[in-house]
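This report goes through one model, starting from a single strand pairing and moving out to the chain. The sequence and structure come next.

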Amino acid sequence: MAFPTSSLTNNQVHKEGNRAFVYDSALGVWDQVRETDRTENKIVSGTTQITKSPDRLYIAELTAKFVKAAGIMKEGFSFQAGAGGTALAFAIYLREMMKEAGVKARFIRAGSTKYLVEMLEEGLTDYILDGQTFDLEGVRSMRENSGHINTSPFTSYNWHGKGNFASMLDVVVLGATEVDVNFNANVVTHSDGKMLHGIGGWQNCLFSKCTILPIPSFRNRIPIIVDEVTTLVGPGELIDVIITERGIAINPKREDLIKATKRSGLPIRKIEEIKEEVDDLVGAPLDKPEFTDEVVGVVKWVDGTVIDSIFKVNK
């Protein structure tokens, strides 16, 4: 296979048949991105699709409206949204609100997608600070736009590093598998106790000035708001707002957010009220999983402290 050898730039794309490769200038190597029948269409897949669920779209719209009502969306603000379907929809709703208000962000923290690239190229942000590129539009933009900057999460979200800018973000929008009435959150196990996936940089994002979890109130009859999370991954003191299709719950510790949105007309409720409504709807409380004494994993905080253990489910 013949690769270009001259005038190479970081994240340059090279295609051979049904395969695409991206050049890593730091390592001097070509990395295969993904093999498909039609790379340019299918490289954007899985998590990088906007949700089509009416409930999830409503949650995304509520999230954008909350960011605006709370006074977070203002000239020079910054935000981060993931690549899940609800987070992508949030970014699109926010973009339209920014256009209408004539507001420009200073930077967007990414996981870049074509939707964030459009915001950069429309002049809605000065920079995309990219720690992970999810599609070929993101790759193209990083190659062509000087405001699309490659950043390493191992520096920018390293708790021990001087380059850590997680706390500079005005708002971050994340997901969760469970939350509880004390605003603790779980992203590593389901309510059945089984491990889902790794934590990634989710914990690091909690140090933003406002952390929002837009989540459905239940999935497949399983309530998402519980009395106590199965596995503690994010302490409630760092999670500010939980937004569901049944209302918005603000952490009581965030009196500033409660005051700012008091007359917003948004459906702001106590988290206990939302939980009680969902429990009545699905017939909760449901049976909790039984665990053995065998530890199969531990959850560490960003400083290395162990904050919870994951136990083997008793079959």
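Which residue in S14 stands opposite valine 179?

## A strand pairing

In this predicted model, the residue facing valine 179 is isoleucine 225 of S14. Strand S9, residues 178-180, is joined to S14 by two bridges, and the two strands run parallel.

## The sheet around it

Strands S10, S9 and S14 form an open sheet of three strands in the order S10-S9-S14, and the pairing within this sheet is mixed. Its edges are strand S10 (185-186) and strand S14 (225-226), each of which pairs on one side only.

The loop between S14 and strand S15 (241-244) contains glutamate 237. Is glutamate 237 buried or exposed? Its relative accessible area is 61%; the cut-off for exposed is over 50%, so glutamate 237 counts as exposed.

Proline 252 lies 15 residues from glutamate 237 in sequence. In space, the C-alpha to C-alpha distance between glutamate 237 and proline 252 is 9.7 Å.

## The chain overall

The chain has 315 residues, and 46% of them count as buried. Its secondary structure consists of nine helices and 18 strands. Taking the contacts between residues at least 6 apart in sequence, 59% join residues at least 24 apart.

The accessible surface of the chain is about 15800 Å². Carbon and sulfur atoms account for 48% of that surface.

Methods. Residues numbered from 1 in each chain as written. Predicted model: local features only at pLDDT ≥ 70, side-chain atom pairs only at ≥ 80, totals over all residues. Heavy atoms only, no water. Helix = DSSP H or I, 4+ residues; strand = E, 2+ residues; numbered from the N terminus. Buried < 20%, exposed > 50% of the residue type's maximum accessible area, 1.4 Å probe, protein only. Contact = heavy atoms within 4.5 Å. Areas by Shrake-Rupley, 256 points an atom, 1.4 Å probe, with all protein chains shown as cover. Pairing = 2+ DSSP bridges.
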